[in-house]
Structures are given as structure tokens and as C-alpha cells.
Amino acid sequence: MAIKKIGVLTSGGDAPGMNAAVRAVVRTALNRGLQVVGIYGGYDGLITGDIREMNLRSVANIINRGGTILGSARSPEFRTEEGMQKAIKQCLSHEIDGLVVIGGDGSFRGAQDMTRRGFPCIGIPGTIDNDISCCEHTIGYDTALNTCMELCDKLRDTMQSHGRCSVVEVMGRHAGYIALNVGIAIGATSILLPEIAFDFQKDVIDRMEEAKSTGKNDFIVVVAEGVGHAEEMAKQIQEITGIETRATILGHVQRGGTPTLFDRVLASRMGARAVELLIEGKSNRVVAEQVGRIVDFDIEQALSMKKTLDMDLYRMALEISM
Ligand code: ADP
């Protein structure tokens, strides 16, 4: 059966560039003769029926905006059989033939559940954490990196003026991609990641002391959220080294802001491809980017893939920051 009407929603943690993806989905679908509805508030909106018709102008002036005009949510109800049935009923009553879900791995699991019940879904990776294994860059990751880098540069100015140490906590409960790349970009003396076990004395204190012995007198330690408490680490550093140390938790500012050019282009390409896949009659796929190309994977396969941290990059980061 040819697809006539599709729905698009954003789900889970928001990410800059989600709007650019929504825009691409809506415009590609309309320009290929499909009807499009926007589903507001993630899977919750699907359950309650917060579903609105989209036209070409519904997505005007959003490519440069962070957040998501469709709103996002975590929907515990959607994970129940009753919630899922309500969602499917809404799709049927709105005559939606296929769904594009922009979100992270949790959202893709939801999309997979819908597909298993006979409802075609395509996932687009929108998450600042870059923790979708089949995809080299997820939507929002590049923007988050640049936001962190700019904020750390500002911190660095004042750390240098006062000869202090700064412990900066960035997002990434289970994934250290933000911490590693930001650490390289700002020249952090130590980078602590959830993927790599560390020894506080050897990997933080000794490195600071060594750098100090060659004349360095201001320091930044980048810590991924999942690794420990920045405040406690700062206290420990100050106690052991005598260097005045402050903690900064960047928090949710990392999720917002104007998407970078990279994220806008990536989101546009992924959005367009997601619609093409539905038109081609495909479902249960995740759109991804590899070596600059847009590709797609079965959701189940995508979720079972493991992403490994680039250890050479980590070693290089440590070597050149001393
Ligand atoms: P993200 O998509 O950013 O990983 P979440 O993990 O919070 O964010 O997932 C977003 C939503 O997707 C959840 O609120 C829930 O409705 C749905 N979801 C998450 N995990 C599952 C799952 N295992 N099965 C079905 N739906 C899920």
C-alpha cells in the first residue's frame, strides 16, 4: 500500500538541529505529494492525539532554532501495552501511514514496538550525546561540542588571570564523546570518561604537578557527567595541590542554542532520507551518517551495535595537553 500521510515527532532528550530535521521531513513529504502531520509532545502527543496538519509554512523560520517546535517528552505510558494501543488507534483515526521519530535510542525502541505492531516507523538520531552506534555524528552533537568549547574558553580566560584550576563537568552519563573532544579542543590537562577507568592521583594530580613543574599555572580538567562529582573533585584537587580550584557544571545549556551549520545540513539530509525510505516502503530503519554519507540500518541491528571510544584519540589528547 502506497503511503499517503506521514507523521513526525521529536522524543526523549532534545537536541539542537531537531527543528531542521522536522523541516526537512515536512517539506520533502509535501513536495513528494504526501500529507504530513506534526505530533506534539513526543509519544505522549501520539497517545492523547495532539496531532496537527503541517503545511510548507508550518516549518518556516525554524532551521536556525534550537529545541524543537513539536516539543518533546519522556512518555512512561507509551511503554505500556495500553499506551501503545492508544497510540496506534490515534494513528489509524488520523489515517497516518508512517511515522518519523527523531530522538535517541529509547525513542527508537518505541518506534520498533510500533513497527512490530504493523506500523511503519523510521528513526532519525537526534541526541547531543552521540551515543547511537551506527552513526558517526548524531544531530545536535556538533552544536553541543561548540557550545562547551565556547564556555570553556571563557572559563579559561579567568582561570589564566588567577592561576586557578577549573573542573568542568560536561554531559555524557554513559558516553565520553563530548568530554573527549571538548577536552582536546580546549587543551584540558586531564579528561575523565565513563569508558576509561582512572586513578585520581595519577591521572589528575600527578599530571597537574608535572605540568606545573614546566611552568603551567592554570588548569582545566574535563569530567563527563557519569564519572564523578565535579564539586568533590575540585575540593580534592585544591586540598592536595594547594591550587585554587573551582567546579563548573555546564548542565542543560549544552542542549540549547542555534544549531551549527554541520547540524543543520546533517539534519536536513537525514530528514529528507527518512521520508524517502517510507516512500520506498521501508520501515523499522534508522537513518545514520557514516564517512559523510547518509545510510540506514535496521533498528534492531542499530541498537545492538557497540560504539567504541577512539583510544588513539584519547592517548593523543593526553600527550599534547602537557
Ligand atoms: P531518548 O530517545 O533520548 O533515548 P528516552 O530513553 O527517554 O530518550 O526515550 C524516549 C521515549 O521513548 C520514552 O519516554 C518512552 O516513551 C520511549 N521508550 C524508551 N524506551 C523504550 C522501550 N524500551 N520500549 C518502548 N518505548 C520506549
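The model is predicted, so local features need pLDDT of at least 70 and side-chain atom pairs count only at pLDDT 80 or more, while totals for chains, interfaces and linings use all residues. Residues are numbered from 1 along each chain as its sequence is written, and side-chain values use heavy atoms, without hydrogens and water.

**Surroundings of the ligand**

The table lists polar contacts, that is, pairs of N or O atoms within 3.5 Å.

| Protein atom | Ligand atom | Distance |
|---|---|---|
| Gly106, backbone N or O atom | oxygen | 3.0 Å |
| Arg79, polar side-chain atom | nitrogen | 3.4 Å |

Taken alone, the ligand exposes 540 Å², of which the protein buries 82% (Shrake-Rupley method, 1.4 Å probe).

Helices are DSSP runs (H or I) of at least four residues, and strands (E) of at least two.

**The whole protein**

The protein has 11 helices and 11 strands. Its radius of gyration, taken over C-alpha atoms, is 22 Å, close to the 20 Å that the globule rule (2.2 Å times the number of residues to the power 0.38) gives for 322 residues, so the protein is as compact as a globular protein of that length. Along the principal axes, the C-alpha atoms fill a box of roughly 70 × 35 × 35 Å.

Terms used: Polar contact = N/O pair within 3.5 Å; in protein donor to acceptor, adjacent residues only side chain to side chain.
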